[in-house]
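Subject: Structure handover

Hi,

Here is the structure I promised to pass on. Please open it first, then read my notes beside it.

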Amino acid sequence: MPTYKVIELGTVTEEAIEETLNEWTAKGWRFDGMQFAMRESSRRPSMAFVLFTLDHAEKDVP
């Protein structure tokens, strides 16, 4: 059974997303998707939620 991890990014930049993806995939987590929270007054997302999964059969990470 997989374990899920959600990382909330309050600053949505290319660098912040890249850093998060690199950090958690290096720890054995598999990228599962990304959701953005938008404001009506702006075209840029105000927040992002990066989703990861971990299959305990592949690697045991707390």
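A word you will need at once is contact: it means heavy atoms within 4.5 Å. Leaving aside its neighbours within four places in sequence, Val12 is in contact with Ile17, Phe36, Arg44, Pro45, Ser46, Met47 and Ala48.

Some ground rules. This is a predicted model, in which local features need pLDDT of at least 70 and side-chain atom pairs count only at pLDDT 80 or more, while totals for chains, interfaces and linings use all residues. Residues are numbered from 1 along each chain as its sequence is written, and side-chain values use heavy atoms, with hydrogens and water left out.

**Overall layout**

The protein has 1 helix and 3 strands. Helices (H or I, at least four residues) and strands (E, at least two) are DSSP runs, numbered from the N terminus. Read from that end, the order is β-α-β-β. The C-alpha atoms fill a box of roughly 45 × 20 × 15 Å, taken along the principal axes.

How much of the protein counts as buried? The figure is 26% of the 62 residues. Buried means under 20% relative accessible area, exposed means over 50%, and partly exposed lies in between (1.4 Å probe, protein chains only).

Now look at contacts between residues at least 6 apart in sequence. Of these, 58% join residues at least 24 apart.

**Strands 2 and 3**

Strand 2 covers residues 30–38 and runs antiparallel to strand 3, with 8 bridges joining them. Two strands pair if DSSP finds at least two bridges between them.

Not counting residues up to four places away in sequence, Ser46 touches Leu9, Gly10, Val12, Ala37, Met38 and Arg39.

**The core**

Which residues make up the largest nonpolar core? There are 10: Ile7, Leu9, Val12, Ile17, Trp24, Trp29, Ala48, Val50, Phe52 and Leu54. At least two core residues come from each of strand 1 (2–9), helix 1 (14–26) and strand 3 (45–55). Strand 3 gives the most, with 4 residues. By nonpolar core I mean a set of buried Ala, Val, Leu, Ile, Met, Phe, Trp, Tyr and Cys residues joined through side-chain atoms within 4.5 Å. In soluble globular proteins, nonpolar side chains tend to be buried together.

Thr20 sits in helix 1. Is Thr20 buried or exposed? It counts as buried, because its relative accessibility is 8%. Beyond its neighbours within four places in sequence, Thr20 is in contact with Ile7, Leu9, Val50 and Phe52.

Glu14 lies in helix 1 too. Glu14 is exposed, at 61% relative accessible area. Glu14 and Glu40 are 26 residues apart in sequence, and 21 Å apart in space, C-alpha to C-alpha.

**Aromatic pairs**

There are 2 aromatic pairs. Trp24 and Trp29 form an edge-to-face pair, 6.3 Å centre to centre, with 80° between the planes. Trp24 is buried at 15% relative accessible area, and Trp29 is buried at 5%. Phe31 and Phe52 are also edge-to-face, at 6.2 Å and 75°. This pair links distant parts of the chain: Phe31 is in strand 2, Phe52 is in strand 3, and they are 21 residues apart. Phe31 is partly exposed at 39%, whereas Phe52 is buried at 1%.

The cut-offs: rings of Phe, Tyr and Trp (its six-membered ring) pair if their centres lie within 6.5 Å; planes under 30 degrees apart count as stacked, over 60 as edge-to-face and the rest as tilted.

**Charges**

The structure holds 1 salt bridge. The side chains of Glu23 and Lys27 form it, at 3.3 Å from N to O. The rule is a side-chain nitrogen of Lys or Arg within 4 Å of a carboxyl oxygen of Asp or Glu. Glu23 is partly exposed at 37%, and Lys27 is partly exposed at 35%.

The charged end of Lys5 sits over the ring of Trp29, 5.4 Å from the centre. For this, NZ of Lys or CZ of Arg must be within 6 Å of the ring centre and within 35 degrees of the ring normal.

Best wishes
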